[in-house]
Amino acid sequence: MSNVFVLDHPLIQHKITHIRQTETGTKDFRDLVDEVAGLMAYEITRDLPLTEIEIETPVAKMKSKVLSGKKIGIVPILRAGLGMVDGVLRHIPAAKVGHVGLYRDPETLKPVEYYFKMPNDISERELIVVDPMLATGGSAADAIDSLKKRGARRIKFVCLIAAPEGVKYLQEKHPDVDIYLAQIDEKLNEKGYIVPGLGDAGDRLFGTK
């Protein structure tokens, strides 16, 4: 899995454990997802290009590095992906945010697009697609399809927990997309849920059933 990166930092792993637990309420769940997304942002952006500028400290002039201004876009897959946006945006405040709305047909388990809104210049941006769960991989693959059809060329996918089936499917559909995740779980069950997983991320983020 050459384009799959498991971010096993102890702080991420610790928080994922609390995210999974049934007794974690909506507020804590939301806060933890936000915090993990922020921690993952460090690794996701590790390859951002730098440029050197001259600055002046209280002691002397020196040359130091800053981000070169590469354009970034954060794309949550609605609705659960919204829970990860602020955590990433906190570290890349100049990024623009687009949205892809997909729902999973309960009969076929296939995603259906109902909303798409992006910055006009997505072909010039590196896009970070976020969704807490990568289950069947259908929603992620279709969201990335939608982005590519509109001109996107550089895309990363970021999630908290994935099923092996979802990782394999996304790799097959989009081998050029790097996948960043915190943990790979055992399997999908007959309903398409990740086992052991954490339940429905959208419901737990927003307090719905």
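The model is predicted, so local features need pLDDT of at least 70, side-chain atom pairs count only at pLDDT 80 or more, and totals for chains, interfaces and linings use all residues. Residues are numbered from 1 along each chain as its sequence is written, and side-chain values use heavy atoms, with hydrogens and water left out.

Start with the helices. Two packed helices are described by the angle between their axes and the distance between the axes. Helices (H or I, at least four residues) and strands (E, at least two) are DSSP runs, numbered from the N terminus. Axes are lines fitted to C-alpha atoms, for helices over the stretch in contact, and angles run from 0 to 180 degrees between N-to-C directions.

Helix 1 (residues 10–20) packs on helix 2 at about 155°, with the axes 10 Å apart. The two are therefore roughly antiparallel to each other. Angles under 35 degrees count as roughly parallel, over 145 as roughly antiparallel, 65 to 115 as roughly perpendicular and the rest as oblique. The crossing of helix 1 and helix 2 is left-handed. A crossing is left-handed if the near helix is turned anticlockwise from the far one by less than a right angle, and right-handed if clockwise. On the helix 1 side, the contact (heavy atoms within 4.5 Å) includes Leu11, Ile12 and Ile16. Phe29, Leu32 and Val36 are among their partners in helix 2. By class, this contact has 10 nonpolar, 1 polar and 2 charged residues. Ala, Val, Leu, Ile, Met, Phe, Trp, Tyr, Cys and Pro count as nonpolar, Asp, Glu, Lys and Arg as charged, and the others, Gly among them, as polar.

Helix 2 (residues 26–44) also packs on helix 3 (residues 82–89), at about 45° and with the axes 7 Å apart. That angle makes helix 2 oblique to helix 3. Their crossing is right-handed. Val33, Asp34, Ala37, Gly38 and Ala41 of helix 2 meet Gly83, Met84, Asp86, Gly87 and Val88 of helix 3. This contact has 5 nonpolar, 3 polar and 2 charged residues.

Helix 4 and helix 5 (residues 164–173) pack at about 20°, with their axes 9 Å apart. They are therefore roughly parallel to each other. Here too the crossing is right-handed. Gly138, Ala140, Ala141 and Ile144 of helix 4 meet Tyr169, Leu170 and Lys173 of helix 5.

Now the open space. A pocket is an open set of points on a 1 Å grid over the protein atoms alone, where a 1.4 Å probe fits, with protein on both sides within 12 Å along at least five of seven lines; lining residues have an atom within 4 Å of a point. Grid points are joined across faces, edges and corners, and a volume is the space filled by probe spheres set on the points.

The largest pocket has a volume of about 700 Å³. Of its 30 lining residues, Ala80, Arg104, Asp131, Ser139 and Asp200 are the closest to its centre. Elements that give two or more residues to the lining include strand 4 (72–78), helix 4 (138–149) and helix 6 (201–206). The lining has 16 nonpolar, 7 polar and 7 charged residues.

The second largest pocket has a volume of about 180 Å³. Its lining has 14 residues, and Leu67, Lys70, Ile72, Ile92 and Ala94 lie nearest the centre.

Last, the backbone. Most peptide bonds are trans. A cis bond joins Leu78 and Arg79, with omega about 5°. Arg79 sits in the loop between strand 4 and helix 3. Another cis bond joins Val195 and Pro196, with omega about 0°. Pro196 is in the loop between strand 15 (194–195) and helix 6.
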